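Please read these notes beside the model.

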Amino acid sequence: MADFGGDTDAFRAEARSWLEANFPPSLKGKSGLVALEEATSENADLKAWTKAMGEKGWGVPTWPKQYGGGGLSGAEARVLQQEMGRVGAWNPIGGMGTMMFGPTLLEYGNEEQKKYHIPRIARQEVRWCQGFSEPGAGSDLASLQTKAEDKGDHFLVNGQKIWTSGGQWADMCFCLVRTDNTRKHEGISFVLIDMHDPGVEVRPIKLIAGMSPFCETFFTDVKVPKENLVGPLNGGWTIAKRLLQHERSGIGGGGSGGGGGVFGVGGSPVNLAKKYVGLDEKGRVADSDLRSRLIGHEMDAKAFQLTAFRMMAEAKSNQGPSTATSIMKNAGTKVGQDRAELIVEVMGTQGLGWEGEDFTPEELQTVRGWLGGKATTIFGGSFEIQSNIISKRILGLPDPLSSSSN
Amino acid sequence: MAVLTEEQSMLRDAARTWTQEKSPVSAFRKVRDSGQPLCYDPAAFAEMAEMGWTGVIIPEEYGGSNFGYLSLGLVLEETGRTLTASPLLSTALAAASALILGGTDAQKEAWLPKIASGEAVGTLAIEEGPHHAPEKVALAAAKSGSGYKLNGKKTFVLEGMAANLFVVSARTSGKPGDKDGITLFLVPADAKGVSRKALKLADSRGAAIVEFAGVEVGADAVLGQADKGWDLLEKVLDRARAGLSAEMLGSALQAFETTLDYLKTRVQFGQVIGSFQALQHRAAKMFTDLELARSCVEAALTAIDNDSPDVPELVSLAKAKVGDTLHLVSNEMVQMHGGIGMTDAHDAGFYLKRARAAEAAYGNQAYHRDRYARINGY
């Protein structure tokens with residue numbers, strides 16, 4: 001690819017012609033969710049599109065070129081997004097590798113690790129999952145017990161992880177393990193584990209929404225080569241905190257100006273209320289109590305969106321997410337959950353359908369999204385943990401007497 | 001904080017320095033205790049005018065600097081922090097906006113330079129009842145010769161005792177509640193038949209009831225178009241609301257920061273009370289709400305500067321959001337300070353009382369939530 005410098009017009013032309021040549025029209029306008037469902041199927045167009053984007057590095061447009069990224073400037077990446085939107089194209093490269101692990105490894109990994117792992121993420125060849133939470137270490141993440149013993153050229157890992165998103169499909173796991181029993185936060189290391197190792201067992205967990213997006217993962221005498229240690233021994237907590245910031249900004253929708261995050265329920269509750277509840281003689285939503293709650297919600301959502309725009313504008317000179325992500329996670333997940341609750345209420349019993357032809361696909365999606373969305377204020381650091389972080393790191397309030405872990 | 005130009009940063013820094021040094025909350029306390037009838041210190045207001053704050057939105061040809069509404073909002077945020085009492089909002093924002101948006105060249109020439117210099121104080125006289133309802137205008141303006149004769153009463157006229165000029169909403173046709181038939185008039189305070197008395201409110205700021213008894217004005221007193229004053233009034237009000245929102249944001253920020261300092265210093269049970277999670281999470285919520293409110297206030301002011309079509313929607317969003325936030329923070333300020341927060345010697349009461357008066361001015365949260373929904377069609 002030529003060096004376009006600051007001239008985005010030339011880049012726009014390049015992006016346009018490349019997309020015309022490479023984006024299969026059959027995939028036009030399909031959402032990421034559809035893509036996810038088809039990821040396991042044998043869709044030849046999807047495979048070709050993923051391969052083309054992976055080789056071009058445009059799935060991770062701003063990552064450095066030497067590691068297989070697009071090497072684009074922020075301005076060029078925005079042009080690319082506009083041009084993709086223009087033809088209904090979407091990014092087939094995604095998941096935890098691009099959203100959380102890649103940016104973290106680029107910051108903390110050594111040269112060999114970056115050279116090996118980053119291109120494989122950029123080409124979507126390796127699927128990653130997150131081994132953080134344990135049955136006894138949820139909000140108090142640093143109390144984790146999965147242990148990694150030093151055996152010379154490798155670590156021997158034993159223990160159990162839980163809420164491993166996509167664990168059943170993952171090739172690799174970025175994992176927090178205990179390498180020192182005498183210290184809490186300073187006894188944790190960040191290692192990369194091969195999910196195909198015979199000592200790894202994965203069991204999907206069925207959730208209230210009926211899906212199994214999370215798993216339990218058991219490690220029994222899993223050998224992890226020493227070169228899979230990221231950062232210094234016992235220095236994993238710092239890296240984990242950084243990774244969680246990337247995760248939170250994704251969940252809150254801070255990066256996209258959204259507000260529902262990954263489990264958001266679609267549609268405008270106001271428009272749905274007009275349809276399901278109807279209007280009074282003055283053209284207002286017929287139920288005045290519902291109307292006032294809809295107004296409050298719509299204004300919260302607008303305020304959140306304006307804040308996301310403001311923070312993006314302010315962060316332009318700043319690399320990566322800041323402590324503001326804690327505000328955005330709490331505000332964004334609250335807006336998303338409120339919206340789901342309102343839509344379920346607005347739809348009445350039609351919003352409670354579990355399956356069958358008596359319900360529209362939108363209605364069925366509503367109930368699943370509403371239930372699934374309850375996870376957003378629990379994972380990635382619960383609402384309460386975010387409030388602790390705001391209190392301590394931003395407002396400078398002192399620790400409670402009992403020790404805490406964030 | 002929005003991305004500011006160099007001029008805006010300088011203006012904000014100057015406002016911060018002046019309010020902190022020359023007009024801290026103790027200055028407001030002094031004005032209140034002195035029983036000063038204007039409810040502000042004219043010498044302090046003269047200094048503000050001297051620094052150019054009264055001319056921020058006024059075009060250069062009329063003696064202003066034409067820096068725009070976001071710029072004036074930055075100043076108001078700082079005066080809001082220290083509860084600085086002055087007619088800045090009423091005259092340099094509300095009345096000045098009315099003249100800029102609706103005035104003839106002669107009207108602008110007559111009043112804008114005086115407002116920009118601080119020599120004259122203008123204000124809106126638009127309320128007739130206990131709730132903001134700008135279309136419920138009963139004050140009558142009947143044709144009289146080539147002009148009009150005004151009869152009626154306005155209440156909650158901000159800085160009404162200090163004003164030299166009233167921008168009065170009057171009914172020239174139709175009935176109270178009709179948007180058609182409203183006309184705006186420029187009425188000098190010394191016009192024959194104008195009388196006023198101080199309206200003493202809990203926030204100790206300047207307000208008045210103004211009576212118009214057979215006040216004769218010429219046709220040249222009409223601001224904008226006769227009978228068609230509603231659209232102009234809404235535009236003027238939206239500017240006043242956005243400016244007041246900026247002032248309220250400043251008050252809320254200071255109330256929060258003062259409370260936060262107290263949480264870090266007050267010791268009970270052998271530890272600072274700010275180490276208690278029950279208080280920490282309430283502080284975290286206030287901080288989050290303040291960040292969200294700031295986004296709304298800055299978006300509203302910026303939309304006005306850009307003459308964007310979504311001004312009414314964003315202004316109602318800002319006034320409602322910052323109103324909710326100030327309401328919460330002012331209550332928490334008293335609660336978290338405990339007994340000391342209940343004493344007149346502490347500043348918490350000032351913020352609480354000012355909060356409610358500012359919430360009520362130009363429409364409270366309920367008003368603006370309903371307006372937001374009407375604008376968006378639900």
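1. Confidence first. Chain A averages a pLDDT of 87, and 87% of the residues score at least 70. Here pLDDT is the predictor's confidence in each residue, from 0 to 100. This is a predicted model, in which local features need pLDDT of at least 70, side-chain atom pairs count only at pLDDT 80 or more, and totals for chains, interfaces and linings use all residues. Residues are numbered from 1 along each chain as its sequence is written, while chains are lettered from A and ligands numbered from 1 in the order in which they are written.

2. Over residues 1–5 of chain A, pLDDT stays under 50, with three contacts beyond four places in sequence. Residues 402–406 of chain A also stay under 50, and there the model has nine such contacts. A contact is a pair of residues whose C-beta atoms, placed from the backbone, lie within 7 Å.

3. Domains of chain A. The assignment gives domain 1 (8–93), domain 2 (128–235) and domain 3 (253–394). Such bounds come from an automatic or database domain assignment. The C-alpha centres of domain 2 of chain A and domain 3 of chain A are 32 Å apart. Each of these two domains puts six residues into their contact. On the side of domain 2 of chain A, four are nonpolar, two polar and none charged. Nonpolar means Ala, Val, Leu, Ile, Met, Phe, Trp, Tyr, Cys and Pro; charged means Asp, Glu, Lys and Arg; the others, Gly among them, are polar.

4. Helix H6 of chain A. Helices are DSSP runs (H or I, at least four residues), numbered from the N terminus.

5. Buried face of H6(A). A:Lys114, A:His117, A:Ile118, A:Ile121 and A:Ala122 are buried (20 or more other C-beta atoms within 10 Å of the residue's own, C-beta atoms being placed from the backbone). They cover an arc of only 130° around the axis, so they sit on the same side of H6(A). Their cover includes helix H3 (44–56) and helix H5 (96–108) of chain A. Just after H6(A), A:Gln124 has a positive phi of about 60°.

6. Chain B. In domain 1 of chain B, 21 residues are in contact with 25 residues of domain 3 of chain B. H4(B) gives the most to the domain 1 side, with 10 residues.

Key:
A residue is buried if 20 or more other C-beta atoms lie within 10 Å of its own, exposed if 12 or fewer, and partly exposed in between; C-beta atoms are placed from the backbone. Helices (H or I, at least four residues) and strands (E, at least two) are DSSP runs, numbered from the N terminus. The arc is that of the directions from the helix axis to the C-beta atoms.
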